[in-house]
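Thanks for coming, everyone. Please bring up the structure on your screens. I will walk through pairings and contacts.

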Amino acid sequence: MGLPLEAAAEAPRVALAPGLSYVPGYLDGAAQAGLLAEIERALAEGPWYRPCMPRSGRPLSVQMTNCGPLGWVSDERGYRYQARHPTTGRPWPAIPETALRAWAELCAYPHPPEACLVNFYDASAKLGQHQDHDEEDLSAPVISLSLGATCVFRYGGVSRRDPTHKLELHSGDAIVLGGPARLIYHGVDKIRAGSSDLVPGGGRINLTLRRVTCPANGRTFQS
Ligand code: SIN
Ligand code: MN
C-alpha cells in the first residue's frame, strides 16, 4: 500500500543539521500498517537473523534482514553487501513499495535504492555509534523509516569526537542523512518499552534505504 501524496506533502521537514532532515509523522497510521504488512511478507522469504561483529564474532542485540538486490551483512569476515541471505542462501525479497515511495519523495537522487536494511529491536536491543560507509555511492542519501516502539536515536558529526544529540524517533518518523550529514555517526541508545503495540511483541523495526553502487561506474543491479 502506498503513501498518499498529500500526506507526504504535509509532513514537515525539520533541518537538524546541514544534510540531516527529520520528518516526524512521515507515514500516517494506515501507511505504517501497510509497510508492516509488506515487511511481514518479506520476512516469509528472508527471515530475521542475528548478525555478529567482525573478528570477535560477538552477536549484535539487533536482529536483521534485508530487501532489495543487495543486503548489508556483518559477520566474522567483516561488513559487506551481498545478493543473498546469509542463512537461507536465497536472494533478498523486493524492497517494499512504501519504502520505494519514501525514497522517491524524500530524496532527489535519480536512481533507485539497491538495499533496504531492516533492523528489529526488542526492548533490550541497542545499536552502537557507527557510520554507514560501506556504499560506493556516497552522493545518495540514506533514508530511515521507523515503525513500532519509540527509540532514543543519538547522532553526532562526521568525527567520532563530535558532540552528539538525542532525538526520540516514533513510529512513522523518517530521517534523511545526505550531503554533509551522509557520514555522520549515529546509533540507537535505547528502546522505550511499551510505547507502541504496532509491531507484534512491542518491538521496533527500522528500515534504512541505501544506494550501494555508482551508476557512473556502470555497476548497477537495477538499471
Ligand atoms: C541503522 O543505523 O542501521 C539503523 C538506525 C535506526 O535503527 O534508527
Ligand atoms: Mn546506520
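This is a predicted model: local features need pLDDT of at least 70, side-chain atom pairs count only at pLDDT 80 or more; totals for chains, interfaces and linings use all residues.

Residues are numbered from 1 along each chain as its sequence is written, chains are lettered from A and ligands numbered from 1 in the order in which they are written, and side-chain values use heavy atoms, with hydrogens and water left out.

Back to the strands. Helices (H or I, at least four residues) and strands (E, at least two) are DSSP runs, numbered from the N terminus. Two strands pair if DSSP finds at least two bridges between them. β8 pairs with strand β13, residues 204-210, in the antiparallel sense over six bridges. With strand β11, residues 174-177, β8 also pairs in the antiparallel sense, here over four bridges. On that side, L145 stands opposite A174.

How many residues of β8 are buried? Seven of seven, across residues 142-148. Buried means under 20% relative accessible area, exposed means over 50%, and partly exposed is in between, with a 1.4 Å probe and protein chains only.

Next, salt bridges. The criterion is a side-chain nitrogen of Lys or Arg within 4 Å of a carboxyl oxygen of Asp or Glu. The whole structure has eight. Take R210 and E135: their closest N and O atoms are 3.4 Å apart. R210 is in strand β13, E135 is in the loop between β7 (127-130) and β8, and 75 residues separate them. Both R210 and E135 are buried. There is also a network of salt bridges here, linking D132, E135, R182 and R210.

Now R211. Its side chain meets that of E114 in a salt bridge, 3.3 Å from N to O. R211 lies in the segment after β13 and E114 in the loop between α3 and β6 (115-121), so this pair ties together parts 97 residues apart in sequence. R211 and E114 are both buried.

R192 lies in the loop between β12 (186-191) and β13, and E168 in strand β10 (residues 165-169), so the pair ties together parts 24 residues apart in sequence. R192 is partly exposed, at 33% relative accessibility. E168 is partly exposed too, at 31%.

On to the rings. Rings of Phe, Tyr and Trp (its six-membered ring) pair if their centres lie within 6.5 Å; planes under 30 degrees apart count as stacked, over 60 as edge-to-face, and the rest as tilted. The search finds five aromatic pairs. In one of them, Y49 and W92 have ring centres 6.4 Å apart and planes at 35°, so the pair is tilted. Both Y49 and W92 are buried.

One charge over a ring. The charged end of R204 sits over the ring of Y121, 5.0 Å from its centre. The test is NZ of Lys or CZ of Arg within 6 Å of the ring centre and within 35 degrees of the ring normal.

Last, cysteines. A disulfide is a pair of cysteine sulfur atoms within 2.5 Å. The count is zero. C67 is buried, at 3%, and C116 is buried at 0%.
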